[in-house]
Amino acid sequence: MKWYNKLLCCSVSAIACISRVSAQENDGLLKDSGWSYHFQFTGILQGHPSFSAPYSGQNSLQPAREQAFSVTSTLYLGRKLWKGASAYFDPEMVAGKGVSTTLGVAGFPNGETFRIGDPAPSVYIARLFLRQYIDLDKNNYEEISEDVTQVRERVSVSRLRLSLGKFGLADFFDNNSVSHDPRSDFMNWALMNNGAFDYAANTRGYTYGFVAELIKPTFTLRLATALEPTFSNGPRLDWHYTRTNSENIEFEKRYSIHNRKGVLRLLGYYNINKAPNYMDAVSEKQNGTDTSLDAIYGKNYGSKKLGLGFNMEQELGNSIKSFLRIGWNDGRTATWAFAEIDNTVSAGIRFAGKSWKRNADNIGMAILSNGISSDHQNFLNAGGYGFMIGDGKLPNYTRENIVEIFYELKIIPAVWGTLDYQFVGHPAYNADRGPVHLFAARVHIAW
């Protein structure tokens with residue numbers, strides 16, 4: 001079946017589902033029932049023309065013309081339990097793949113494909129967790145609107161929020177209203193999150209953990225501990241918690257300058273797992289003790305990775321918002337969960353369609369520059385492969401620079417279409433390959 005027939009069939013099915021559930025949602029009996037119902041469907045067709053590549057490796061972006069189609073669909077269910085408590089259950093379906101089977105670019109151009117471990121359709125539990133609010137101010141309250149992982153709630157303006165179970169750490173950390181969701185804004189992996197944030201997750205992007213947040217009117221302090229995967233980008237999580245875990249902290253400050261809202265976030269994380277050390281792997285190959293150049297499985301617990309991040313968003317006008325991210329990790333051990341990026345900087349801007357009388361439309365433009373440590377460079381040049389990149393050698397390292405531009409159009413209520421273009425200079429940090437021009441069309445349905 002041609003890709004456009006697949007997209008049409010999936011879209012029609014999703015719209016039919018929305019029509020049925022939306023009718024239920026408007027029923028007065030359900031509106032105040034304590035339940036929360038949401039749904040999303042995202043289909044992305046992406047491809048690139050041929051580009052220059054004098055050599056390729058097993059993890060290279062293929063230089064011949066190609067295209068790929070990916071689909072994700074999620075049902076979000078929430079239920080109030082007792083005062084301040086709620087439970088959430090999100091089954092998710094994924095299918096398809098990214099170009100070159102999601103290999104060859106550190107800042108991969110389709111952020112939805114990190115949830116897809118196998119092109120065949122599969123259904124799994126994305127989230128299953130409990131949440132408890134604890135009021136700290138008994139005199140001042142506010143109402144939190146219903147959202148995909150939030151039931152409508154009346155809570156103190158100063159409160160603790162505790163979450164325990166299965167979720168994505170990116171649900172809580174490194175958020176940004178301008179650039180965070182490849183289903184509705186920028187599609188690139190390293191624009192939806194800080195590329196150097198190797199946050200604990202399985203192949204699908206989820207983990208088991210505990211998050212504690214102190215929420216005040218002008219700031220939030222959040223802490224989290226979570227499980228690491230058993231191997232790099234692996235589907236299973238390692239339950240040997242005393243030997244492998246991820247510790248995360250973020251301080252978020254909300255402010256206003258001349259009535260223009262802004263947010264600053266400072267992030268730190270410390271991961272302990274079995275990630276191999278890049279230079280150890282290179283040395284072992286050189287002396288002949290181990291020629292595998294393993295950066296995927298690891299043999300011993302105790303590897304450590306420290307990372308830092310800066311995240312800013314700022315209103316510039318009634319219809320204009322901007323963002324800036326800077327990230328770094330020490331780059332001594334192999335990437336274990338997110339992206340093969342050790343340092344990154346990205347910035348961008350989004351224009352809401354109000355100024356051209358298309359209130360629900362928006363235009364986004366962003367630039368991104370990724371880099372890796374000298375240890376990581378030496379590993380790739382020695383012929384090593386991570387779980388995403390590796391051209392067999394890297395004699396001419398340079399930064400991977402990316403530009404993304406998109407236009408998102410509201411087609412009908414609950415349905416958006418997007419056209420997206422990305423320019424990737426030096427894919428996988430290789431000055432000998434590229435540049436690459438990628439074009440994409442996206443359909444997103446949400447209520």
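The side chains of Arg 183 and Glu 112 are joined by a polar contact of 2.9 Å. A polar contact is a pair of N or O atoms within 3.5 Å; within protein, one atom must be able to donate a hydrogen and the other to accept it, and residues adjacent in sequence count only if both atoms are side-chain atoms. The model is predicted, so local features need pLDDT of at least 70 and side-chain atom pairs count only at pLDDT 80 or more, while totals for chains, interfaces and linings use all residues. Residues are numbered from 1 along each chain as its sequence is written, and side-chain values use heavy atoms, with hydrogens and water left out.

Arg 183 is placed in the loop between strand 7 (159-167) and helix 3 (189-192). Helices (H or I, at least four residues) and strands (E, at least two) are DSSP runs, numbered from the N terminus. Arg 183 counts as buried because its relative accessibility is 5%; buried means under 20% relative accessible area, exposed over 50%, and partly exposed in between (1.4 Å probe, protein chains only). The side chain of Arg 183 also makes a polar contact of 3.1 Å with the side chain of Tyr 76. Beyond its neighbours within four places in sequence, Arg 183 is in contact (heavy atoms within 4.5 Å) with residues including Thr 72, Thr 74, Glu 92, Arg 115, Arg 442 and His 444. Between Arg 183 and Asn 259, 76 residues apart in sequence, the C-alpha to C-alpha distance is 29 Å.

Glu 112 has a polar contact with Thr 72 as well, side chain to side chain, at 2.3 Å. Thr 72 belongs to strand 2 (residues 66-80) and counts as buried because its relative accessibility is 0%. With neighbours within four places in sequence set aside, the contacts of Thr 72 are Gln 40, Phe 41, Thr 42, Met 93, Val 94, Glu 112 and Arg 183.

Arg 127 is part of strand 4 (residues 122-135). With a relative accessible area of 7%, Arg 127 is buried. Its side chain is joined to that of Asp 171 by a polar contact of 2.8 Å. Among the residues touched by Arg 127, not counting those up to four places away in sequence, are Tyr 76, Tyr 88, Phe 89, Lys 166 and Tyr 206. Arg 127 and Glu 92 are separated by 35 residues in sequence and by 8.8 Å in space, C-alpha to C-alpha.

Glu 313 is found in strand 12 (residues 303-317) and is buried, its relative accessible area being 10%. A polar contact of 2.4 Å links the side chains of Glu 313 and Ser 177. Other residues touched by Glu 313, with those up to four places away in sequence not counted, include Asn 175, Tyr 255, Lys 261, Arg 265 and Phe 323.

Ser 369, in strand 15 (residues 362-371), is buried with a relative accessible area of 15%. Not counting residues up to four places away in sequence, Ser 369 touches Asn 343, Thr 344, Val 345, Arg 399, Glu 400 and Asn 401. Ser 369 and Ile 320 lie 49 residues apart in sequence and 23 Å apart in space, C-alpha to C-alpha.

In helix 4 (residues 278-287), the buried residues are Tyr 278, Ala 281 and Val 282. They are on the same side of helix 4 because they cover an arc of only 100° around the axis, where the arc is that of the directions from the helix axis to the C-beta atoms. Helix 5 (374-381) is included in what covers these buried residues. Tyr 278, Met 279, Ala 281 and Val 282 in helix 4 meet Asp 375, His 376, Asn 378 and Phe 379 in helix 5. The axes of the two helices come within 8 Å and cross at roughly 35°; axes are lines fitted to C-alpha atoms, for helices over the stretch in contact, and angles run from 0 to 180 degrees between N-to-C directions. At the N-terminal end, helix 4 is capped by Asn 277, with a side-chain oxygen 3.0 Å from the backbone nitrogen of Met 279. Gly 288, which follows helix 4, has a positive phi near 85°.

The chain has a mean pLDDT (the predictor's confidence in each residue, from 0 to 100) of 92, and 92% of its residues reach 70 or more. Over residues 1-8 pLDDT stays under 50, as over residues 14-29. Where pLDDT is low, the predicted coordinates should not be read in detail.
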